[in-house]
Amino acid sequence: MDCIDAIGLRTALEAARKSYDEGGVPIGAALVRNDSGEVLGKGHNQRVQCASPILHGETATLLDAGRLKAEVYRETTMYTTLSPCSMCTGAILLYKIPRLVIGENVNFRGDEDLLRERGVEVVVLDDLECKSLMAKFIKEKPEEWYEDIGEIPPNHPTE
């Protein structure tokens, strides 16, 4: 892992830990300039904390980065602790972010193939801390986890 990737993943992991500490889903992200390593935005999943249907780690990061020119996005990498869902994949594609570094995709595998098909360089680090933090949350709060990914939990009683 190069220096800029280390900065990006460390920033995303710090954000994920913050979300976990707040009682939320521990997914963090960071948007980083490829040339300088400058962190343009960082964020974490805030669906629980803000009762928001759209504040995932990546979308919160884009919000934190603020309004950027199209050419700026094209010179960045999005770092995320967990493989991105369809909504976050769409945001990456919309802004034509050319590179995505994922901490782990064992607990959840999002739309990585679609990103690759559309020309995004996808790097999966298989990071142990990312995997263990997410697995711990899923075990502790399965209802919130399934809600976050838009799924009905197994063995959920029907009305």
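Contact here means heavy atoms within 4.5 Å. The model is predicted, so local features need pLDDT of at least 70 and side-chain atom pairs count only at pLDDT 80 or more, while totals for chains, interfaces and linings use all residues. Residues are numbered from 1 along each chain as its sequence is written, and side-chain values use heavy atoms, with hydrogens and water left out.

**Exercise 1. Thr89 and its helix**

Task: State where Thr89 lies, decide whether Thr89 is buried or exposed, and list its contacts beyond four places in sequence.

Solution: Begin with the element, taking helices (H or I, at least four residues) and strands (E, at least two) as DSSP runs numbered from the N terminus; Thr89 then falls in helix α5, which covers residues 86-94. Next comes burial, where buried means under 20% relative accessible area, exposed over 50%, and partly exposed in between, with a 1.4 Å probe and protein chains only. Thr89 has a relative accessibility of 1% and therefore counts as buried. Once neighbours within four places in sequence are set aside, Thr89 is in contact with Pro84, Asp111, Leu114 and Leu115. Within α5, Cys88, Thr89, Ala91, Ile92 and Leu93 are buried, and what covers the buried residues of this helix includes α3, β3, β4 and α6. After α5 comes Lys96, with a positive phi near 55°.

**Exercise 2. Strand β3 and its partners**

Task: Work out how β3 pairs with β1 and with β4, and then describe the surroundings of Thr80.

Solution: Two strands pair if DSSP finds at least two bridges between them. Strand β1 (residues 28-33) and β3 pair in the antiparallel sense over five bridges, with Val32 standing opposite Thr77 in β3. On the other hand, β3 and β4 pair in the parallel sense, over five bridges, and here Met78 stands opposite Leu100 in β4. The strand β3 is mostly covered, since seven of its seven residues are buried. Thr80 lies in strand β3 and is buried, with a relative accessible area of 0%. Leaving aside neighbours within four places in sequence, the contacts of Thr80 are Ile27, Gly28, Ala29, Glu58, Leu100, Val101, Ile102 and Gly103.

**Exercise 3. The cavity**

Task: Find how many cavities of 30 Å³ or more there are, and describe the lining of the largest cavity.

Solution: On a 1 Å grid over the protein atoms alone, a cavity is a set of points where a 1.4 Å probe fits but cannot get out, and lining residues have an atom within 4 Å of a point. Grid points are joined across faces, edges and corners, and a volume is the space filled by probe spheres set on the points. The count comes to one cavity of 30 Å³ or more, and about 80 Å³ of space lies in the largest cavity. Its lining has 15 residues, of which Ile27, His56, Ser83, Cys85 and Asp148 are the closest to the centre. At least two lining residues come from each of α3 (57-65), β3 (76-82) and α8 (142-148). Sorting by class, with Ala, Val, Leu, Ile, Met, Phe, Trp, Tyr, Cys and Pro as nonpolar, Asp, Glu, Lys and Arg as charged, and the others, Gly among them, as polar, the lining of the largest cavity has eight nonpolar, five polar and two charged residues.

**Exercise 4. An aromatic pair**

Task: Classify the pair formed by Phe108 and Trp145, and say which parts of the chain the pair ties together.

Solution: Rings of Phe, Tyr and Trp (its six-membered ring) pair if their centres lie within 6.5 Å, and planes under 30 degrees apart count as stacked, over 60 as edge-to-face and the rest as tilted. The structure holds two aromatic pairs. In the pair of Phe108 and Trp145 the ring centres are 5.9 Å apart and the planes stand at 85°, so the pair is edge-to-face. Because Phe108 lies in the loop between β4 (99-104) and α6 (112-117) and Trp145 in helix α8, the pair ties together parts that are 37 residues apart in sequence. Trp145 counts as buried, at 4% relative accessibility.

**Exercise 5. Positive phi at Asp126**

Task: Give the phi of Asp126, together with its place in the chain.

Solution: The phi of Asp126 is near 55°, a positive value in a residue other than glycine. Asp126 is found in the loop between β5 (121-124) and α7 (128-140), and its relative accessibility of 44% makes Asp126 partly exposed.

How values were computed: 1 Å grid on protein atoms, 1.4 Å probe; cavity = no way out; pocket = protein on both sides within 12 Å on 5 of 7 lines; lining within 4 Å.
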